[in-house]
Amino acid sequence: MKVLILHQHFNQPAKGGAIRSYYLAKALVDKGIETVVITAHNEKRYKIQTLEGIEIHYLPVAYDNKFGFAARSFSFIKYNLGAIRMASRIQHIDYCYAISVPLTIGLVAMWLKTFRKIPFLFEVGDLWPDAPIQLGFVENFFFKEFLFSLEKRTYRSAKAVVALSPSIEAIVKKKMGSTSTIHQIPNMADCDFYKPEIKLPTLEEKHNVGGKFVVSYIGAVGVANGLDYFLECANASRKAKLPIQFFICGEGALRERLTKNAQQLGLSNLTFVDFQNREGVKELLNVTDASFICYKNVPILETGSPNKFFDGLAAGKLIIINFGGWIKAEIEDARCGIFVDPAHPTDFVKKISSFLSDPVQLKNFQAASRQLGEIKYSRKILSQKFSSLFV
């Protein structure tokens with residue numbers, strides 16, 4: 001059997017970033033399924049590479065988290081055209097697995113179904129066009145209608161839809177109809193790579209956090225992440241004279257503005273760290289007590305399945321979120337995290353104080369976090385569930 005994976009943002013573990021598609025491809029290879037990936041990179045030439053049995057085709061299509069909506073759209077279109085050309089040269093494909101974002105990847109999958117008779121499965125990690133519309137990126141009525149039409153057509157053309165959260169599954173089911181095939185496979189906690197660890201004195205010294213409680217945000221620094229609130233939490237903690245050091249680790253369109261705002265507020269308790277690969281993230285998590293998953297206060301963002309949540313589970317960290325939805329219910333049920341009011345950063349100060357004063361409570365929540373990752377979201381369990389879709 002041969003499976004083609006379409007994902008514009010395929011990342012390798014050594015380079016860092018979201019590596020779900022690598023996990024999925026590796027799961028297929030480990031099951032003896034020939035696996036081909038068509039992705040893109042910022043280099044000027046096409047490249048082909050084999051990684052751990054995965055055949056990867058890199059198209060020269062520039063993309064950056066700092067791109068505006070127009071630049072991103074152009075990048076998506078260019079990748080689609082290149083992916084169609086590349087896919088037309090690959091023979092004997094049994095299935096296509098198309099990963100959004102963007103939603104427009106469905107056009108490539110539908111082209112393969114129409115002209116190559118290749119069935120496809122469509123993965124929904126973020127709900128498009130709902131997300132860009134609620135974030136204010138898409139305002140034109142006719143463009144909205146086009147995107148909603150494309151969404152419905154893509155879902156109905158797919159052999160099955162893979163949803164990354166129970167919320168996404170419910171919404172897609174409502175849009176598609178109850179007779180459609182939908183599988184739920186969230187992002188994965190790599191419990192073999194990330195593990196609960198005792199803080200290393202050398203790393204505490206490197207990051208200047210000896211004797212401090214560390215709260216880290218590790219991920220994209222974009223509009224959707226609402227990190228102004230994270231700065232407000234740091235500022236409220238500074239005013240309350242709490243022994244907390246905050247970290248923002250990552251890159252994105254708002255990094256420069258947030259850095260300037262932090263300087264203006266005099267946030268000596270906030271450190272910005274450049275984008276890191278997995279080893280760098282693992283190092284920062286070693287000195288971290290709590291992983292903060294932050295989103296702008298927009299309802300559709302509550303449906304997502306953020307990688308940083310699952311890394312935090314695997315590493316055994318207290319989880320802090322500022323949004324509702326399925327993750328809020330999950331961490332409260334497992335008693336591994338807390339919800340802080342997105343309208344009141346002083347709520348963070350109030351709720352984190354009990355963990356500062358009670359190390360036993362902190363350890364219990366951290367242990368529950370790791371347990372949730374192992375039992376429900378481990379890479380081994382979800383990889384097996386994914387590979388079983390191709391039979």
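Guide: Start with pairing: two strands pair if DSSP finds at least two bridges between them. Here, strand 1 and strand 2 are joined by 5 bridges. These two strands run parallel. Keep in mind that this is a predicted model.

Visitor: Which residue stands opposite L4 in strand 2?
Guide: V36 does.

Visitor: What is the order of the strands in the open sheet?
Guide: The sheet has 8 strands, in the order 3-4-2-1-5-6-7-8. Its pairing is mixed. Strand 3 (47-51) and strand 8 (182-184) are the edge strands. Each of them pairs on one side only. On average, neighbouring strands of this sheet are turned by 20 degrees against each other, direction ignored.

Visitor: Now a helix. How many residues does helix 2 have, and how far does it reach?
Guide: Helix 2 covers residues 69-87, which is 19 residues. From first C-alpha to last, helix 2 reaches 26 Å. That is close to the 27 Å expected at 1.5 Å a residue.

Visitor: Which residues of helix 2 are buried?
Guide: They are S75, F76, Y79, N80, G82, A83, M86 and A87.

Visitor: Is A170 buried, exposed or partly exposed, and why?
Guide: Buried means under 20% relative accessible area, and exposed means over 50%. A170 has 47% relative accessibility, so it counts as partly exposed. A170 lies in helix 6 (residues 166-176).

Visitor: How far apart are A170 and V360?
Guide: In sequence, 190 residues. In space, 38 Å from C-alpha to C-alpha.

Visitor: Now the whole chain. How many helices and strands does it have?
Guide: The protein chain has 15 helices and 14 strands. Its radius of gyration is 21 Å, close to the 21 Å that the globule rule gives for 391 residues, so the chain is as compact as a globular protein of that length. The C-alpha trace spans about 65 × 45 × 45 Å along its principal axes.

Visitor: What share of the residues counts as buried?
Guide: Of the 391 residues, 55%.

Note on methods
Residues are numbered from 1 along each chain as its sequence is written. This is a predicted model: local features need pLDDT of at least 70, side-chain atom pairs count only at pLDDT 80 or more; totals for chains, interfaces and linings use all residues. Side-chain values use heavy atoms; hydrogens and water are left out. Helices (H or I, at least four residues) and strands (E, at least two) are DSSP runs, numbered from the N terminus. Buried means under 20% relative accessible area, exposed over 50%, partly exposed in between (1.4 Å probe, protein chains only). The expected span of a helix is 1.5 Å times one less than its number of residues. Axes are lines fitted to C-alpha atoms, for helices over the stretch in contact, and angles run from 0 to 180 degrees between N-to-C directions. The radius of gyration is taken over C-alpha atoms; the globule rule is 2.2 Å times the number of residues to the power 0.38.
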